[in-house]
Amino acid sequence: MPFKKRPDGRSFEELRKVEAKVGVIKNAKGSAWFKIGDTEAYAAVYGPRNLFPKFMQNPKKGILRAHYNMLPFSGSGDRIRPGGNRRAKEISFVTQKALEPVLDLTKFPNAVVDVFIELPQTDAGSRCAGITAAAMALADAGIVMKDLISSVAVGRVEDKVLADLCYDEEAYEDGPVADIPLAMLPSTEEITLLQMDGEIDKDMLLKSLEVGKKAMHEIHKVQVQALKEKFGVGKNE
Amino acid sequence: MSELKIKNKDVVVPGEILATGMEFLPSYGTYREGDKIQANRLGLVQLEGKVLKIIPLSGTYIPKRGDTVIAQVEEILMSGWRADLNCAYSAVLGLKDATSEFIQKGADLTHYFQIGDYIVTKIVNVTTQNLIDISMKGPGLKRIRGGRIIKVDPYKVPRIIGKQGSMVSMIKTSTDCRVMVGQNGVAWIQGEPKSEIIAEEAIRKIESESHIAGLTDRMKKYLEDKTGKKIEDREPRSDTNAV
């Protein structure tokens, strides 16, 4: 059966419902919550603070440490083994690399900024939700950064290019699928994360990048609004 | 053609375009990218003539020479103490700067400051690698005894203190507490247990509402309601705006 319609009835380039809130974790310097469809991420930022072990310190500038974690009950029913694994380690690493280009930590040599990303519920696109939440949390923590980072997954199922794939689309079995997580700086459209799982040809890849950019600008609007809402902007006007 | 994209005192987020064209000048918290001026941190925009700058709303304390801070002793060294300043770097208090007394060679340093003690101290030097020297020599610099310590956002400290200390003295007189706020966002309150709580709540209220205009009047009413005491007006003030 050819892929004509998305399982949740969205149009091909439509995002799932996006919600965000800033300042959800009191103890953290900055924090944010981001929800896209059934994928939900919390991010908390601590620091800049003293970094140990000492060999990790960089005397020229502070470092960023991201920590991605899916909670045991966050999947579709099977318990996820808690703690780190190879997948989480890789995603922590790409998250760090996606966020680093906008941060300016030169004022904090030898220090570290820790970002903890926890996912209570996932339905594909969790690294993108994590990066989006982390960018808001970093801004909330008052860290000097030249832009926010917005992130979304795009991809293809058979001959259709889709934005923001859900798990059923990612796991589609009757034809070729590609899943491409993206992250970018909204003001310059520079890309800081580009991965792919699956198969795709050049034309479709270029088209999905265009679709992704449009989707990320939409996510950026939600991020900006959430950050401003924390300070009562847009509420009493 | 230069054009301003925001209003004075708007909340802006990193990457937001504040102005286009070469007529405006970027200052603290902003940068120029091509012919645009963009924000590089979360805060309130301030437009002073043609200069755009950002007043941060949150962040970690950055140690500065001359700041009076409240620190906690965390370690005893060979010839001094190491203190935590509620920031990314710790500070060293040398023997010479610790007291006016003569300290004998090999003396027990815990006699002067014990691990865990809070001290009101002054930053005398900060190097490029953020090695910090502090001193206890100066008026009002001493070890803290009793009371309670609370942590606030370092960028809210100027609002908690107010113009010429107006806000903090309002809290002091209405609650009958001793209050001291370090530039590093550590505050000390001492008084009757009940009034300590009122003073702490008042500080928390300032912290969460500092960016909304009319803070002084609101705080005055809040403290009057809580303590049941009337606060006499100081000389009439026109500037009750944020920051």
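Leaving aside neighbours within four places in sequence, Ser135(B) is in contact (heavy atoms within 4.5 Å) with Leu93(B), Asp97(B), Thr121(B), Lys122(B), Val124(B) and Leu141(B). This is a predicted model, in which local features need pLDDT of at least 70, side-chain atom pairs count only at pLDDT 80 or more, and totals for chains, interfaces and linings use all residues. Residues are numbered from 1 along each chain as its sequence is written, chains are lettered from A in the order in which they are written, and side-chain values use heavy atoms, with hydrogens and water left out.

Ser135(B) belongs to strand E13 (residues 132–135) of chain B, where strands (E, at least two residues) and helices (H or I, at least four) are DSSP runs numbered from the N terminus. Because its relative accessibility is 5%, Ser135(B) counts as buried, a word that here means under 20% relative accessible area, with a 1.4 Å probe and protein chains only. The side chain of Ser135(B) also reaches the backbone nitrogen of Lys137(B), at 2.9 Å.

Elsewhere in chain B, the axes of helix H3 (residues 166–175) and helix H5 (residues 215–227) come within 10 Å and cross at roughly 10°, which means that H3(B) is roughly parallel to H5(B), the term for angles under 35 degrees. Among the residues that meet there are Met167(B) and Ile171(B) from H3(B), and Met219(B) and Leu223(B) from H5(B).

In chain A, 15 of the 15 residues of helix H2 are buried, so H2(A) is largely enclosed by the rest of the structure. Just after H2(A), Gly142(A) takes a positive phi of about 75°.

Methods: Axes fitted to C-alpha atoms, helices over the stretch in contact; angles between N-to-C directions. Parallel < 35°, antiparallel > 145°, perpendicular 65-115°, else oblique. Buried < 20%, exposed > 50% of the residue type's maximum accessible area, 1.4 Å probe, protein only. Polar contact = N/O pair within 3.5 Å; in protein donor to acceptor, adjacent residues only side chain to side chain.
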